[in-house]
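My entries follow the order in which I looked.

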Amino acid sequence: MKNKTVDRMLNSCILMIVKKLLRIRMFKFFEYLGVITTAVFVSMFAASLSKNTDYIVEPGFIVQAVASEDEIKYEGGTKVDVAELECMARNIYFESNNQSKAGQVAVARVVLNRVRDSRFPNTVCDVIYEGPVKESWKTRQHADLKESQRIYYPRKNRCQFSWYCDGKADVIPKSDDNHAWRVAQDIAFDILVFNKYAGIVEGATHYHADYVNPKWSKTLTLITKIDDHIFYRWE
């Protein structure tokens with residue numbers, strides 16, 4: 001009997017404490033604590049996975065390979081269309097001007113790998129601007145216009161390289177005094193004219209930012225990760 005009395009007293013005390021906690025919203029604290037704990041756990045788990053990822057090419061090797069090639073003086077080279085150089089430089093700039101030089105080189109090599117793959121368009125500009133388009137209403141209303149006179153725009157967020165169809169103005173600020181733009185131009189020139197940095201991404205044809213996980217990535221061969229981009233090859 002004494003034990004039952006003690007149990008009833010303990011239960012009453014617990015109930016009273018719970019009611020007080022609810023009244024002063026202390027449970028909010030535990031709710032937040034649970035969210036924070038879960039977030040920390042997920043972050044640690046993701047980090048452990050990234051460290052154990054098996055890359056065909058180690059990221060450090062690519063950085064070293066780019067640095068080694070930069071010490072080589074190339075002569076001669078291949079004649080390249082100025083328009084192709086401009087397309088490549090713009091793609092490097094808008095896709096990766098916030099990446100290291102190795103990261104920018106990798107993005108450029110993906111373009112050239114696609115050019116050399118029969119499943120993609122066969123010019124630099126066509127690879128970069130590949131994707132569905134829609135005709136401007138200004139020309140759509142004139143049935144007698146020639147095709148060369150019609151104006152087309154890429155469909156938003158449905159192109160191969162996100163900068164081209166993200167709806168933002170593709171303006172290079174102060175292009176005459178813009179170091180990042182100059183670096184992009186130099187990389188484009190070295191790759192298209194001298195074919196520098198060939199093979200450093202093992203034929204990678206795709207990449208995505210490391211904060212997204214597109215479904216298509218599971219169907220391709222994982223190559224490497226450089227800065228914020230993860231690279232894959234379409235076999």
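Predicted model: local features only at pLDDT ≥ 70, side-chain atom pairs only at ≥ 80, totals over all residues.

Entry on H4 and H5. I looked up the geometry of the pair and found that the axes of H4 and H5 come within 9 Å and cross at roughly 130 degrees. That angle makes H4 oblique to H5. I then listed the residues in contact: Met88, Asn91, Ile92, Glu95 and Ser96 in H4 meet Gln104, Val107, Ala108 and Val111 in H5. Sorted by class, the residues of this contact of H4 with H5 are five nonpolar, three polar and one charged.

Entry on H3 and H5. Next I turned to helix H3, residues 59-70, and saw that the axes of H3 and H5 come within 9 Å and cross at roughly 90 degrees. H3 and H5 are therefore roughly perpendicular to each other. On the H3 side I wrote down Ile62, Val63, Val66 and Asp70, which meet Lys101, Ala102 and Val105 in H5. The contact of H3 with H5 has five nonpolar and two charged residues, with no polar ones.

Entry on H5 and H8. Helix H5 covers residues 101-115 and helix H8 covers residues 179-194, and I found that they pack at an angle of about 45 degrees with their axes 10 Å apart. H5 and H8 are therefore oblique to each other, and their crossing is right-handed. In this contact Lys101, Gln104, Val105, Ala108, Arg109 and Leu112 in H5 meet Val183, Ala184, Ile187, Ile191 and Leu192 in H8. By class, I noted eight nonpolar, one polar and two charged residues for the contact of H5 with H8.

Entry on the largest pocket. Which residues lie nearest the centre of the largest pocket? I found that 21 residues line this pocket, and that Glu95, Ser162, Tyr207, His208 and Ala209 lie nearest its centre. The volume of the largest pocket is about 550 Å³. Helix H4 (82-96) and strand S3 (206-209) are the elements that give two or more residues to the lining, and S3 gives the most, with four residues. I sorted the lining by class as well, and it has 10 nonpolar, eight polar and three charged residues.

How values were computed. Residues numbered from 1 in each chain as written. Heavy atoms only, no water. Axes fitted to C-alpha atoms, helices over the stretch in contact; angles between N-to-C directions. Parallel < 35°, antiparallel > 145°, perpendicular 65-115°, else oblique. Left-handed = near helix turned anticlockwise from the far one by under 90°. Contact = heavy atoms within 4.5 Å. Nonpolar A, V, L, I, M, F, W, Y, C, P; charged D, E, K, R; others polar. 1 Å grid on protein atoms, 1.4 Å probe; cavity = no way out; pocket = protein on both sides within 12 Å on 5 of 7 lines; lining within 4 Å. Points joined across faces, edges and corners; volume = space filled by probe spheres on them.
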